[in-house]
Amino acid sequence: MKRKILGIAPYEELNHSMHIISEQYPEVETTIYTADLVEGQTLAAELYTDGYDAIISRGGTAKLIRQVVSLPVIDVSLSIYDVLSSIRLAENYTNNFAIVGYPSITEKAHLLCDLLGYKIEIHTIDETLDADALLDTLVGKNYELILCDAITNRIALLKSLNTILITSGFESIKSAYEDALSIIDHVEQVKHKKEIMKKGILSQHQELLLYDATYTIEFSTLAPTFAEEIIKVLKMKPEKKEIHHYSRTQNRYVTLTIKSYTVDRQKYFSCFIHKNSAPPVTNKPDISYQKKPEVADSFAKKTVFFPIYP
């Protein structure tokens with residue numbers, strides 16, 4: 001089955017590079033847009049349900065997209081070589097420059113400067129307003145050039161600052177594609193195993209309900225209305241491991257057997273629903289239940305017929 005990847009590039013250069021790399025993967029259907037930060041987040045929220053298997057983006061845009069989609073989001077990371085190339089390019093113009101960007105840029109810049117002994121001012125940003133104020137400070141320090149990411153680049157140009165955009169190279173983009181395909185394959189394997197278990201349980205025609213500590217249903221073989229009824233019963237008797245109940249939805253008596261279990265330190269419960277042909281016998285000594293044929297037979301044996309004389 002052909003994989004579908006949605007690419008959301010914060011800037012045009014990355015869009016162009018992603019198109020070039022996507023041609024190396026003819027087995028993957030790739031759609032690429034240019035959108036930055038909130039614009040990219042909004043676009044991803046609108047498109048991710050259109051059959052995509054994963055999303056590739058970068059930096060702050062990738063971080064925002066993760067907040068609104070349920071798909072894997074792969075960040076086109078920057079390699080140390082990408083940062084070094086930008087520094088070497090800047091040195092061709094001036095030595096009076098600073099590096100400004102999100103942690104994906106500045107963490108590698110700090111590492112590179114420590115290794116090579118560079119004395120470069122580095123600033124990490126989180127929000128647009130932070131970047132705006134920070135750039136005003138750098139203007140006051142008379143920096144001639146700013147090495148930065150896409151959002152900082154856009155703000156810097158409005159302040160007439162000279163900039164060099166630190167871009168992801170082809171190897172970084174290709175690595176993101178490989179990561180995306182690897183994650184997609186892993187997710188497909190998990191889905192396949194889940195489907196095997198689901199169909200195996202359904203084939204047994206077992207009435208089963210799995211739910212968490214908040215009574216949210218995780219899995220059910222019951223009709224929705226019956227499942228809702230059972231959840232209401234369970235909420236009323238949370239401590240019981242066995243519950244006898246007459247279901248008006250199903251018009252029959254059932255016994256609920258509840259067992260708890262833990263997954264990743266979270267508590268879950270399994271509830272098996274057993275059908276009863278008659279109400280369960282209680283422990284009360286003066287109450288018993290019998291089926292209609294049994295009652296009729298009992299009365300027939302105990303009835304005494306007296307002759308009637310004229």
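Visitor: Which residues touch the most other members in the largest nonpolar core?

Guide: The general idea comes first: in soluble globular proteins, nonpolar side chains tend to be buried together. A nonpolar core here is a set of buried Ala, Val, Leu, Ile, Met, Phe, Trp, Tyr and Cys residues joined through side-chain atoms within 4.5 Å. Buried stands for under 20% relative accessible area, exposed for over 50%, and partly exposed for what lies in between, with a 1.4 Å probe and protein chains only. In this structure the largest core has 21 residues, and Ile5, Met18, Ile56, Ile173 and Tyr177 touch the most other members. Two or more residues each come from β1, α1, β2, β3 and α8, with α8 giving the most, six residues. A second, separate core has 17 residues, including Ile87, Phe97, Ile122 and Leu145.

Visitor: Before we go on, what kind of model is this?

Guide: This is a predicted model, in which local features need pLDDT of at least 70 and side-chain atom pairs count only at pLDDT 80 or more, while totals for chains, interfaces and linings use all residues. Residues are numbered from 1 along each chain as its sequence is written, and side-chain values use heavy atoms, leaving out hydrogens and water. The score pLDDT is the predictor's confidence in each residue, from 0 to 100. For the protein chain its mean is 87, and 88% of the residues reach 70 or more.

Visitor: Which residues of α8 are buried?

Guide: An α-helix has 3.6 residues a turn, so residues three or four places apart point the same way. In α8 the buried residues are Ser172, Ile173, Ala176, Tyr177, Ala180, Leu181 and Ile184. Their packing partners are β1 (3–9), α1 (12–22), β2 (28–34), β3, β4 (73–75) and α4 (80–91).

Visitor: What span should α8 have?

Guide: The expected span of a helix is 1.5 Å times one less than its number of residues. The 34 residues of α8 (residues 170–203) should therefore span 50 Å, and the end C-alpha atoms are 49 Å apart, which agrees. After α8 comes His205, with a positive phi near 55°.

Visitor: At what angle do α4 and α5 pack?

Guide: Axes are lines fitted to C-alpha atoms, for helices over the stretch in contact, and angles between N-to-C directions run from 0 to 180 degrees. Under 35 degrees counts as roughly parallel, over 145 as roughly antiparallel, 65 to 115 as roughly perpendicular, and the rest as oblique. Helices α4 and α5 (residues 103–116) pack at about 70°, their axes 9 Å apart, and are therefore roughly perpendicular. From α4, Ile80, Val83, Leu84 and Ile87 meet Ile105, Lys108, Ala109, Leu111, Leu112 and Leu116 of α5.

Visitor: Does Thr152 count as buried or exposed?

Guide: Thr152 counts as buried, because its relative accessibility is 0%. Thr152 sits in helix α7 (residues 150–158) and, neighbours within four places aside, is in contact with Val100, Gly101, Ile125 and Leu135. The buried residues of α7 are Ala150, Ile151, Thr152, Asn153, Ile155 and Ala156.

Visitor: And what does Ala45 count as?

Guide: Ala45, in helix α2 (residues 37–47), has 36% relative accessibility and so counts as partly exposed. Leaving out residues up to four places away, Ala45 touches Val68 and Val69.

Visitor: Where is Asn251 placed?

Guide: Asn251 is in the loop between β11 (242–247) and β12 (252–263). Its phi is positive, about 55°, although Asn251 is not a glycine, and at 56% relative accessibility Asn251 counts as exposed. Asp264, in the loop between β12 and β13 (266–276), also has a positive phi, near 50°. At 69% relative accessibility, Asp264 counts as exposed.

How values were computed
Helices (H or I, at least four residues) and strands (E, at least two) are DSSP runs, numbered from the N terminus. Contact means heavy atoms within 4.5 Å.
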